[in-house]
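These are my notebook entries on a single structure. I record what I looked up, entry by entry.

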Amino acid sequence: NFGESKVLKQANMLRDNNLYPFFRAIEASEATTVTVGGVKQIMIGSNNYLGLTHHPEVQEAAIKAIEKYGTGCTGSRFLNGNLTIHEELEEKLARYLGHEQAIVFSTGMQTNLGVLGAICGPKDCMIFDSENHASIIDASRLAMGTTFKFKHNDMESPEQVLQDNVKRFKNTTIVADGIFSMTGDILNLPRVIELAEKYGAMVYVDDAHGIGVLGDRGRGTMDHFGLTKKVDFNMGTFSKSFASIGGCISGDRETMDYVKHTARSFMFSASMPPSAVATVSACIDVILKDETIHQRLWENVKFMQDGFKEIGFHTYNSETPIIPIFIGHDLKAMQVTSFLQDKGIFCTPVIPPAVPGGESLIRTSYMATHTKPELSLVLEAFAEAKKEFD
């Protein structure tokens, strides 16, 4: 009886106390605000880092794609769902990211599931950071190979794992997020590359939150460190900075061709709809054309980092647009979220198992399009919340 499960009992308890923070129905959205229950709120729970979901050129490109190709492809890329704009986007992404070839998938989740499943066979192993995204964890369960974890961003830990295991397997791949989605810290990619070269391992970076944000014009974590050519697999998603849905993997041409013919989530899923493909392509054009967009993003990030520090919150020393606010107890995280919602702030709590027990937080994230008055209101609301609940 699923109705007696622990998770539903907890959900019902939160509903009964008007503290349930999930599945909030957004009635309308406009740049940096959303309307929920007829009330406009400042959105600081989104991954829309560059604020491009409402950019007029991006919206126009999506509309034109629907007019030309219709609303969907009704088949996989492998068979009947391969449009010219899919291939054009892949070429554009490869040039943008600095790799030989890119492949687009229908979602970021499917990218990790398909690629990692394809490259990690029975005689192979993956070594990954303990705070990697859930899609990597699920991919490790589906892959035929063996998986080892190392302590989050602790570069002594993976070296020990590599020393103990690398000779036991045919291929070894170090897998880690570029920007970690909960704490907002950045992978120590230079050290990962050093270890990979020392032990003959491949490097797979899940840069879902890094592409569009870090590096020159948002070319990602590998560009941020000047190590693009050293990364074997660079994964990205389009549901963050690129204002759409979908995912991509990039690398050398031969390896990408292998992935196209072996990744099950690519071969057996319908392809990205035309509007989504056109949206991503237009976002890249805007990013390359607008020299101010990243300047505005990082100005807003610094403004909020300084503001939260002044209020006295612990923010895990985040260096990115993801700024987590440590709360501690999961119920208090729900209470603070509800309090902020009443103040016109839309944010999201993160509770176990997404974070360790006793480390519940409120994950806030910021856009290039947030205005200073909006951000000041957010800080005022958090300052009030600290007095109310501390």
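**Entry 1. A helix on a sheet.** I began with helix H13 (residues 330–342), which lies across E11, E13 and E14. Its direction runs at about 35 degrees to E14. I note here that the model is a predicted one.

**Entry 2. The sheet itself.** I then looked up the order of the strands. The sheet is open and has three strands, in the order E11-E14-E13, with antiparallel pairing. Strand E11 (322–328) and strand E13 (348–350) are the edges; each has a single partner strand, so one side of each lacks a neighbour in the sheet. From one strand to the next, the twist averages 30 degrees.

**Entry 3. The E11 and E14 pairing.** I asked how many bridges join E11 to strand E14. There are six, and E14 covers residues 360–365. As one example, I traced Ile-325 to its bridge partner in E14, Ile-362. Helix H12 (residues 293–311) also packs on this sheet, where it touches E11 and E14. The direction of H12 makes about 20 degrees with that of E11.

Entry 4. The structure holds eleven aromatic pairs. In one, Phe-148 and Phe-169 have ring centres 6.0 Å apart and planes at 75 degrees; with an angle over 60 degrees, the pair is therefore edge-to-face. Phe-148 belongs to strand E6 (residues 146–150), whereas Phe-169 sits in the loop between helix H6 (156–165) and strand E7 (172–177), 21 residues apart. Phe-169 has 14% relative accessibility and counts as buried.

Phe-308 lies in H12 and Phe-382 in helix H14 (residues 372–389), so the pair ties together parts 74 residues apart in sequence. Phe-308 is buried at 0% relative accessibility, and Phe-382 is buried with a relative accessible area of 1%.

I also recorded a cluster, in which ring pairs link Tyr-96, Phe-238 and Phe-242.

**Entry 5. Helix H4.** I last examined helix H4 (residues 108–119). Its twelve residues reach 17 Å from first C-alpha to last, close to the 16 Å expected. Is H4 mostly covered or mostly open? It is mostly covered, with nine of its twelve residues buried; among them are Gln-110, Asn-112, Val-115 and Leu-116. At the N-terminal end, Thr-107 caps H4 through a side-chain oxygen 3.5 Å from the backbone nitrogen of Met-109.

How values were computed: Residues numbered from 1 in each chain as written. Predicted model: local features only at pLDDT ≥ 70, side-chain atom pairs only at ≥ 80, totals over all residues. Heavy atoms only, no water. Pairing = 2+ DSSP bridges. Helix = DSSP H or I, 4+ residues; strand = E, 2+ residues; numbered from the N terminus. Axes fitted to C-alpha atoms, helices over the stretch in contact; angles between N-to-C directions. Contact = heavy atoms within 4.5 Å. Expected span 1.5 Å × (residues − 1). Buried < 20%, exposed > 50% of the residue type's maximum accessible area, 1.4 Å probe, protein only. Polar contact = N/O pair within 3.5 Å; in protein donor to acceptor, adjacent residues only side chain to side chain. Phe/Tyr/Trp six-rings, centres within 6.5 Å; stacked < 30°, edge-to-face > 60°.
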